[in-house]
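I set out to record, entry by entry, what I looked up in this structure. The entries follow the order in which I opened each part.

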Amino acid sequence: MVSYLVHRLAGTLPVLLLISFLVFSLIHAAPGDPTLLLLGEETNAADIARAKERWGLDQPLYVQYLKFVRAAAAGDFGKSFKYAEPVINVIKSRLPATIELAVFAIIIASLLAIPLGVWAGAKPNSWIDNLGTTFGLFGISMPSFWLAIMLILLLAGVLNVLPTSGRSTYGVAGPEQTGFYLFDSIMQKNWAAVWDGLTHIFLPALALGMNMLGILMRVTRSSILEVMNEDYVQTARAKGLQEKNVVWRHVTSNALIPVITVVGLELGTLLSGSIIVETVFAWPGSGSLLITALNARDYPLVTGIVMTYTLAFVAINLIIDGLYAVVDPRIRY
Amino acid sequence: MVFMQSLTLESATEKSVVWPRLLPRLHVKAFTGGVIVLLFIIIGIIGPSIAPFDPNKQELTAMMKAPAGIGAPHSLGTDNLGRDILSRVIYGSRVSLLVAFAVVFVSGFIGIALGAISGFFGGKVDFLIQKLVEVVWAFPPLLLGITIMAFLGQGLFNLILALVAQRWIPYCRVVRGQTLSLRNRDFVTAAQCLGASNRQIITRHIIPNLIQTSLVIGTFAMASSIIAEASLSFLGVGVPPEIPTWGTMLADARIYISTAWWLPLFPGLCIFVTVLGINLLGDALRDILDPRLKRSGAKI
């Protein structure tokens, strides 16, 4: 297991290097000059030259790239043009919001999708199956940003029950410790802030998780259907076990492997989805930061965020592969 | 023994009971999906002749008109610049249609070709192609599109290119796997013995066997391209703002959510219904053509 993971990690390094090269050159070669965008059109040539020198933009692209790789290997992604702070710090300040949102989206999706999928798969062609399948199809066909807008329109605009932007109401939350508002508030036993945080996170997390919900539900259902035909399920029934026990103990535990894969694969989509959902809900996470950085042509920041997302995506896939062994004892690396 | 037999017999009869129930459901799916997709294609093609107004014509005396119902001049209302929503939605379908088909065909062509080559030849070629697959696949989906669009700039052609960049991968992976097993089949050996060249074997004998699976992948890729096009346009890195698309309409509507519900409702509904139709058709196609894809089909 350990040697397998080390092997996989070693295999990822060249891929990450190639990706960093691709992202770096694409972003740097993109039209639009960060000096003009940040300093304004009326800046004189001397100031622009000075800014270019300070940001290292006066050097050839390959020199810039080599410098970037050398620094990045030591965990330094350079300084953001726009925020004049190390990229790492800027990302660190925004990442908890995105992680909190993603975790909530996964929780909402799994809590609804897995029981629904198991139920639908255990009773094919019943009303619950039809309902679940339709729901799943709606989930995968729904563009997350439209759902986000419609949720705002309905729940916040017409019914006026939930807040539509930001992470918390000003002044309710206590001092920031980890950046995870809900976690911090729970630690500080500030229940008003916990509730406030939950009301803020619910709509964006639902919009973000809907797609995953649909996919999870479909995969769970088809996986359950498949396992239901296995011999050991027949055996379990023949032993006289109640159908409830057969489904939850024998079928579900074996049907969950593809579900885990899908959760892993969908995390990438979730990360991408967060870029849009964060923009709609003015959620101060790293996704909306990416769009801001991109519009300002803040090269180091864009490269930093894209690399962070890619790293996370690759790491998640590794973890998923490791999880297989936990869920299915037959798999040994 | 008798007990076991009765068990298998029972499960056999169970299956035969399920089938007739399953079939009509399949037809409903295929029919509903087919009708939606057909409508989408027809509206996309004949759009200009049925749209009541020029989609970009600004009528400043008729700004922010609420939907007036069928028969009225602006049946779906107008936006903040007095542009007719119905006409814009109809013109928007053209962009989605064009993007969806172009992306599916181009990425299908690239993916099938590379997958077949990769699986058939193996060795170094396979290694290189699979490394490329690994690199592209390591990007979170939308992120690669955003990065490429930042580089290429807004534009319809650029958008198609950015979407193709990642959507050839599913074809390539599935086709490679199938080619690996097809390569050793008797009919390929027979063709080889008859002196067929590698190119002939791939184009005449291998690829025809991959069409069904690719068709299923293509349907799901079409659904995801429509959403991706709308997402990128929504973020302002897709098509230029002067071309009406469902995504740009939603982006424009964002500021007016609280005052004009019809602005975000109709373009979004179009995306949703179209994608739903394509997914329904894809589901039905998959069940009919290639049930093996059932599990992997979830993520294409």
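I began with the cover over one helix: the elements lying over the buried residues of α7(B) include α2 (85–121), α5 (156–182) and α6 (186–193) of chain B. I note here that the model is a predicted one.

I then asked which residues of α7(B), residues 198–206, are buried. I found B:I201, B:I202 and B:I206. These three residues lie on the same side of α7(B), because they cover an arc of only 95° around the axis. An α-helix has 3.6 residues a turn, so residues three or four places apart point the same way. On the face of α7(B) turned away from the buried side I found the exposed residues B:R199 and B:R204.

**B:A191**

From the covering elements I picked one residue, B:A191, which lies in helix α6 of chain B. Leaving aside residues up to four places away in sequence, I listed its contacts as B:A196, B:I201 and B:H205. B:I201 is also one of the buried residues of α7(B).

Why does B:A191 count as partly exposed? I counted 17 other C-beta atoms within 10 Å of B:A191, whereas a buried residue needs 20 or more and an exposed one has 12 or fewer. I also checked B:A191 against B:L289: the two are 98 residues apart in sequence, and their C-alpha atoms are 26 Å apart in space.

For chain B I recorded 10 helices and zero strands. Of its 300 residues, 45% count as buried. Among contacts in chain B with a separation of 6 or more, 72% join residues 24 or more positions apart.

For chain A I recorded 13 helices and zero strands. Buried residues make up 41% of its 333 residues. The corresponding share of contacts in chain A between residues 24 or more positions apart is 74%, again for a separation of 6 or more.

**Where the chains touch**

I next turned to the contact between the chains, which takes 45 residues from chain A and 39 residues from chain B. On the side of chain A, the elements giving two or more residues are α1 (2–29), α6 (127–141), α7 (144–158), α9 (191–228), α11 (243–281), α12 (286–295) and α13 (299–327). Which of them gives the largest share? It is α11(A), with 10 residues. By class, I counted 34 nonpolar, 10 polar and one charged residues on this side of chain A.

**The course of α11(A)**

I looked at α11(A) in more detail. Its 39 residues would reach 57 Å as a straight helix at 1.5 Å a residue, but its end C-alpha atoms are only 44 Å apart. I located a bend of about 50° in α11(A) at A:T252. Just after α11(A), I noted that A:A282 takes a positive phi of about 50°.

**The nonpolar core**

Last, I examined the largest nonpolar core, which has 156 residues. Which of its members touch the most others? They are A:A105, A:A148, A:L216 and B:L250.

Methods. Residues are numbered from 1 along each chain as its sequence is written. Chains are lettered from A and ligands numbered from 1 in the order in which they are written. This is a predicted model: local features need pLDDT of at least 70, side-chain atom pairs count only at pLDDT 80 or more; totals for chains, interfaces and linings use all residues. Two residues are in contact if their C-beta atoms, placed from the backbone, lie within 7 Å. Helices (H or I, at least four residues) and strands (E, at least two) are DSSP runs, numbered from the N terminus. Ala, Val, Leu, Ile, Met, Phe, Trp, Tyr, Cys and Pro count as nonpolar, Asp, Glu, Lys and Arg as charged, and the others, Gly among them, as polar. The arc is that of the directions from the helix axis to the C-beta atoms. The expected span of a helix is 1.5 Å times one less than its number of residues. The bend at a residue is the angle between axes fitted to the seven residues ending there and the seven starting there. A nonpolar core is a set of buried Ala, Val, Leu, Ile, Met, Phe, Trp, Tyr and Cys residues joined through C-beta atoms within 7 Å.
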